[in-house]
Structure formats: structure tokens, C-alpha cells
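Dear colleague,

Please find the structure below.

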Amino acid sequence: PDMQVGANTDLYLVATQHNAESSSFMKQVARLKVGANTVTIPAIVSKDFEKGGSLYVYYAGQSTESKYGVRVEGGNRIPMLDLYKVEDAAERLALATAYVQELEAYVAKLEQEHAEHHQNSSNANVHYDYNQQECILGATEIMADTMLYSLSAKQVLAGLGTGTTEEKAQNLVNSVQAMDDLMLLFYQHKGLTEDAPSAINRVPSQHLNIRFMRMFAGAFMYASGNHIGIAWGSIPGVVSGQPLVADNMGNFIS
């Protein structure tokens, strides 16, 4: 609200490729200006599979008071769950339940949506036959306190089990909690805490990112500089974790 139209902001747009190879899956494509931005998404991969993926906006400024609103014209909305810094258990479960409801409806129509928006689109660049692993509409994003999951919506839903929507949501909340607990343990082992007086000893603000990626020969996962790649078959396991349970004496119950 305090900037003129046309002025550079501290927001940057990053395009990614769904189910890409480890060597190339993202590009910074624009520094956003106040007002309308017309952006051309460049080629990220050269191989012949369906092009496209999630768009991210990151903030490169220092102010904690900055206020921005970003609207996207075009593209397709995908299911996303944001549990970052949501500490109230009832609120976490409510958000997860709404996400699972959206996921159930969304996955059921994926092939239909692909035919409408891509296969029969006026844009010849997206005229691909439906492939459940390559269809870019099949992406979903889950944000936890320490981890960002960039996965397949269909495989996430499969990993949540066959119970009711509420049971699936509870399974998801449990799994996200298990991951955050594990990450906290790793950081503590390195001497890092949230409230350390010096920045060098604080838990990193950057999220780790587990992504559904195209594997190279013989691999089922890999660790890269800015993400961890997993294969299609590994996705359900990522959302089926269980937190450790201990008694008051610190003895593990499960």
C-alpha cells in the first residue's frame, strides 16, 4: 500500500517443473513490481513430458512489517495445506480436514480436469495424454514448521488410508507432527534451538523440501542441495508417519 505502481518489490517469482529431474527443476523468472506483471515461463526441462508445476513467491526483504497481496491470473489452483506455526490442535485438525475433503474431490476429477484444461486446451504446449505421474495438475503442497512437501495429490491421498475423511485428516496431522518432532531432534543434536540468543545457534528459518521427482538409474531417493527427491512409490510413506509416545519417565511406549 505504500509503494507506487511500477516499483520493484522484494518479491520474486519462481517456476518449477513437476516430477522433474534432479539437475533442473526450478528457475527464478521475475522480480515482481507493484501492479500488473506479465510473465513468460521459460523452459525448465528439455525432455518431452508435460511441462509446468507449482509457482512460488519468496520474500527477499528484511522488514517484518511489509504487506503484499499477490493475485494469479491463469494457471490452475492445486490443493495446499499450510500448518506453519499453527499450534492449536483443534485448528490443525480443522485445516487438515478441509484439505483432505478438497483432496478427495480433486483427485476424483484429475483425469477429467486434465482433458479440459490441457489435452483439449487452446495452448498446444500442454497437449499431452493423461499420465498420472506426469500430469502437473496432480501436484499438492503441504507446509509444516520445518518441512515443505511437494508431492502427488493422488499418492498423498493413498497414504492417508481408507478411513473416514476425519480419520485421514488425523493421520496427516500425526505424520506432520512426527516429521516436525524428528527435525527438532536433529536440530537439538546440533545444538540449535528456536530461542538461542545468537542467530548462528537458532533453528534455520529455511524449510527443507521433500519433492516428488524423476529418479535416475538405480535410485529410490536422493538428497540434493536444496531438496530431497523421492519416487512415486515412496510418497504414501511420507504421510503415514506416527509420533513417538513416551511416559512421564521418558520411556518410549511406541
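A cavity here is a set of points, on a 1 Å grid over the protein atoms alone, where a 1.4 Å probe fits but cannot get out. Grid points are joined across faces, edges and corners, and a volume is the space filled by probe spheres set on the points.

This is a predicted model, in which local features need pLDDT of at least 70 and side-chain atom pairs count only at pLDDT 80 or more, while totals for chains, interfaces and linings use all residues. Residues are numbered from 1 along each chain as its sequence is written, and side-chain values use heavy atoms, with hydrogens and water left out.

The structure holds 1 cavity of 30 Å³ or more, and the volume of the largest cavity is about 80 Å³. Its lining (residues with an atom within 4 Å of a point) consists of 13 residues, with His18, Ala139, Glu141, Ser150 and Arg211 nearest the centre. At least two lining residues come from each of the strands S1 (8–21), S5 (139–143), S6 (147–152) and S7 (208–212); strands are DSSP runs (E, at least two residues), numbered from the N terminus. S1 gives the largest share, 4 residues.

S1 also belongs to an open sheet of 3 strands, ordered S2-S1-S3 with antiparallel pairing; two strands pair if DSSP finds at least two bridges between them. Strands S2 (24–33) and S3 (55–59) are at the edges with a single partner strand each, so one side of each has no neighbour in the sheet. S1 and S2 pair over 7 bridges, and Asn8 stands opposite Lys33 in S2.

Yours sincerely

Definitions and conventions: On a 1 Å grid over the protein atoms alone, a cavity is a set of points where a 1.4 Å probe fits but cannot get out, and a pocket is an open set with protein on both sides within 12 Å along at least five of seven lines; lining residues have an atom within 4 Å of a point.
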